[in-house]
Amino acid sequence: MSDLVQRVREVLPSVRRDLEDLVRIESVWADPARRPEVQRSAATVAKLLTEAGFGDVQIVSEGGAPAVIARHPAPQGAPTVLLYAHHDVQPEGDHSQWQSPPFEPTERDGRMYGRGTADDKAGIATHLAAFRAHGGAPPVGVTVFVEGEEESGSPSLSRLLAAYRDELASDVIVIADSDNWSTEVPSLTVSLRGLADCVVEVATLDHGLHSGMWGGVAPDAVSVLVRLLASLHNDDGSVAVAGLHEGKAADLEFSPERVRAEAGLLDGVSEIGSGSVTQRLWAKPAITVIGIDTTSIDKSSNTLIPRARAKVSMRVAPGGDAREHLAALTRHLEQHVPWGAQVTVTPGDIGEPYAIDASGPVYDAARAAFRAAWGNEPVEPGVGGSIPFIAEFAAAFPSATVLVIGVEDPQTQAHSINESLHLGVLERAATAEALLLANLGSDGQVAP
């Protein structure tokens, strides 16, 4: 084991250089103008995997972004492990809000800053480090699958899984796209909330009206929309939509101080909802208004606005059905619109929640690897966010054991400005994965 740990340390400098090169590629699939960059990112990933020793590497697409599949055959009698990551990244937003250029990896205080440093190009780096540490000859079969449109909801993933089912078939699936409890305590994620969203539009008039002439008599659409959206929550901020599922979360301490620090709550702003923090984050539904279309302030006039719309996003607790929850949200919006306004709800994306049975020899092997790499026992939290493709993987390969791990930590700020990767976490995550491959290849025996 100590030799393998040392080999991870030896390959990390080259892995870091490769990660920096990947971060410099602006692989934002959501931006059509930068889709050639996503193609370049896929080609770079394929090159790195080929150079690492994978003999079967291909760039594939089923009508969406390019993905990379690389395969190393299993020794006789050994299992095959699928290592997942994604090479696309979120849009970077306002460059002026970043402390350093978002696509120029920059180290500060032991962290590498830049878009995709952690989410999820660090996942690719982790897989490269683990494979290289084994000298390109791990004791198990290894398939690496690097997707290119995860940040856009993985719309073509089901087609990829169907078209390349044989190439992706595996006994263990390791998904490196989650986070850790802290920079010192690792996590094995055991549940994720699902996602359902919609656009609600309200209409009150067939044309705009002078607010002085008709204000106080004719309702404007923005006031209707505001009241309708407010009905989604009770006074304490808990979700008011009927018929939604609630589960039970792991009993892990999440102090008010940690909530305030990690969320960045402003002075005087309180938490919302009821129950423990972990219950609210991992096992209860949440509803958020993520966008509103109406007249902008700089174009406003004294006019009653006839139409307005908003995008509503809902997180679905594990054990719930995302489609049924979207139907419940739709019913609520239709039934609570005030003053007889016309309302139209257009359904959007659906992603099912997922709960994991973290028992059995694969999880024993993972816990042993994490203990050795981190020096601490892994905790087993849920995640409030959604990774819908996990349910798709589980459905496509029902006999495989799914492990959800990651290289993020509470300070990563994935999807936000100044995203960063803790370099110590990268080393520990890569070491844990290398040890996991060794454990899974030890004739079925779990390393101590």
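How many aromatic pairs does the count come to? The count comes to eight aromatic pairs, where rings of Phe, Tyr and Trp (its six-membered ring) pair if their centres lie within 6.5 Å, and planes under 30 degrees apart count as stacked, over 60 as edge-to-face and the rest as tilted. One of them joins Phe145 and Phe393, edge-to-face at 6.1 Å centre to centre with 70° between the planes. This pair links distant parts of the chain, with Phe145 in strand β6 (residues 141-147) and Phe393 in helix α12 (residues 389-396), 248 residues apart. Both Phe145 and Phe393 are buried, meaning under 20% relative accessible area with a 1.4 Å probe, protein chains only. Tyr84, Phe145, Phe389 and Phe393 form one aromatic cluster.

A word on the source: this is a predicted model, in which local features need pLDDT of at least 70, side-chain atom pairs count only at pLDDT 80 or more, and totals for chains, interfaces and linings use all residues. Residues are numbered from 1 along each chain as its sequence is written, and side-chain values use heavy atoms, with hydrogens and water left out.

Now for the whole chain. You will find 13 helices and 18 strands; these are DSSP runs numbered from the N terminus, helices being H or I of at least four residues and strands E of at least two. Along its principal axes, the C-alpha trace spans about 80 × 45 × 45 Å. Of the 448 residues, 52% count as buried.

Technical notes:
Buried means under 20% relative accessible area, exposed over 50%, partly exposed in between (1.4 Å probe, protein chains only).
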